Amino acid sequence: MPIAIIGAYFQLMRNAVFSPDSFIYNVLNFDETMPDDIWYAGAFISSGMVRATFGLFGLYAAYFSARYTARLYKKDSTSVGMTAVIVIMFCAYANNLGDTTGNRSPFSASILKVNAMLLALLIGYVVGQIFHWLGKDHEPIEFEHTSRIRKRAWNALLPASVSILGGLILGVSIYELQIRIMSSDTFKTLVAQVENSNNLFEIILLLIVVMFLSWIGIGYPLNALSNSAVNTAAMANLNYALKHGSAWDVPHKFLGSSLVYPYAWMGGASVGLALIIIILLVRENKQNENIAKINLLPVVFNSNWGFMVGMPIILNPVLFLPFIIIPVVNVLLASAAIALHIIAPCVYPVLRGTPGILISFFGSNGNWVNLVFSILLFILDIEMLIPIASLGQRIEKGLREREQKNE
């Protein structure tokens, strides 16, 4: 969680402040007011820290997934964590061979990024289970002599060897079959289909798939969606709006790129920000309240990974249904409002890092009805989440009482 939160803040700085096409950069006119040295330094630091956190998040996820799995069974958590790192790095190496994109790194970034967290968690969990079945029990002590450390290493040799052998088989399979697993290229067709479709039924089905993938830890499709998609239908809508000075009667009113990002996800506001608001209003759990407070600013500016990991939302069964259903409800309501000429379609490109609730306002060239509609939609999202959040609080309380009883 701390790594994800740090990454979220630097992602906020990179996407909303130190990018020429970002929201804060343009609103505060940093092109004129910020010295070049400060801008270049900020861009370098923010981009570098995003790479060091989210760009290598798979390493951290695999390590801790394996480590805590081993702890459950009283195994050597340090050895199992390092073994998981070796396995995921070999898979990243195998996935990068044959890459024609000019990537200078010998390791595939797509496997190691935060968007591919599911694979990292699975690798860590499987390695932890191998140590569970083949490793010897380990009781940590405060001071370890060299002989004890040597014994630990020998005890870890068999399960580590089996884990690495399994990693070799997976890596060779990836290389021989030229499988581009967990790559953004793998999901390009899905993203393009969502953005290019003008069929509401198809958009809903694809949206369910995208949200499900994000919930299990595959974030490439959701993070690739935007209302600034470059396709024939989007360009036709934009040209019509520019020619007629209005977006009310564009030829493709229900285009996926005009519906999904401004209303279904709203840059994370529909689920992430709504859940933060509920936690801060209810104030039943101090730990959750602290997580919500520290993630509030990044989530407002669409940097959601800190909260997705810290809450957690990813793989949280309590939040599965709202994570899928709320974006679908938003799209259906927005489509109905567009059909009834209540709101205008979002056809204009929006700056990076624009707060989620403002996306439809700027995407419709400043239509105030769109802004009011987005606010009302956000309030509805909060209302839909309240019973689920209450259920989650009760489950957490029951788990804590059970843990205390077992202690």
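Start by selecting residues 78-96: this stretch is 100% helix and 0% strand, and its end C-alpha atoms lie 27 Å apart. Keep in mind while looking around that this is a predicted model.

The unreviewed UniProt entry annotates residues 78-96 as "transmembrane region", along with 38-66, 116-135, 156-175, 203-222, 263-282, 305-324 and 331-351. Select 263-282 next. Here the chain is 85% helix and 0% strand, with 25 Å between the end C-alpha atoms.

Now turn to charged side chains. How many salt bridges does the structure hold? There are four, and three of them are stops on this tour.

Select Lys75 and Asp137. They form a salt bridge in which the closest N and O atoms are 2.6 Å apart. Lys75 sits in the loop between helix 5 (57-72) and helix 6 (77-96), while Asp137 sits in the loop between helix 8 (117-134) and helix 9 (146-176), so this pair ties together parts that are 62 residues apart in sequence. Is Lys75 buried or exposed? Lys75 counts as buried because its relative accessibility is 10%, and buried means under 20%. Asp137, at 60% relative accessibility, counts as exposed, the cut-off for that being over 50%.

Move on to Glu289 and Lys293. Their side chains meet in a salt bridge, with an N to O distance of 3.3 Å. Both belong to helix 16 (residues 286-300), and being four residues apart there, they are separated by about one helical turn. Colour the two residues separately to compare their surroundings. Glu289 has 3% relative accessibility and counts as buried, whereas Lys293 has 42% and counts as partly exposed.

The next pair to select is Asp249 and Lys253, whose side chains also meet in a salt bridge, at 4.0 Å from N to O. Asp249 is partly exposed at 43% relative accessibility. Lys253 is partly exposed too, at 22%.

Which residues make the nonpolar surface patch of about 430 Å²? Select Ile86, Ile164, Leu165, Leu168 and Ile169 to show it. Helix 9 gives the largest share of this patch, four residues. Ile164 is found in helix 9, and with 31% relative accessibility Ile164 counts as partly exposed. Ile86, another member of the patch, brings the tour back to the stretch 78-96, where the chain is 100% helix.

Conventions
Residues numbered from 1 in each chain as written. Predicted model: local features only at pLDDT ≥ 70, side-chain atom pairs only at ≥ 80, totals over all residues. Heavy atoms only, no water. UniProt positions renumbered as here; feature names shortened; annotations may be inferred. Helix = DSSP H or I, 4+ residues; strand = E, 2+ residues; numbered from the N terminus. Buried < 20%, exposed > 50% of the residue type's maximum accessible area, 1.4 Å probe, protein only. Patch = residues over 30% accessible without salt bridge, like charges linked within 9 Å, V, L, I, M, F, W, Y side chains within 5 Å. Areas by Shrake-Rupley, 256 points an atom, 1.4 Å probe, with all protein chains shown as cover.
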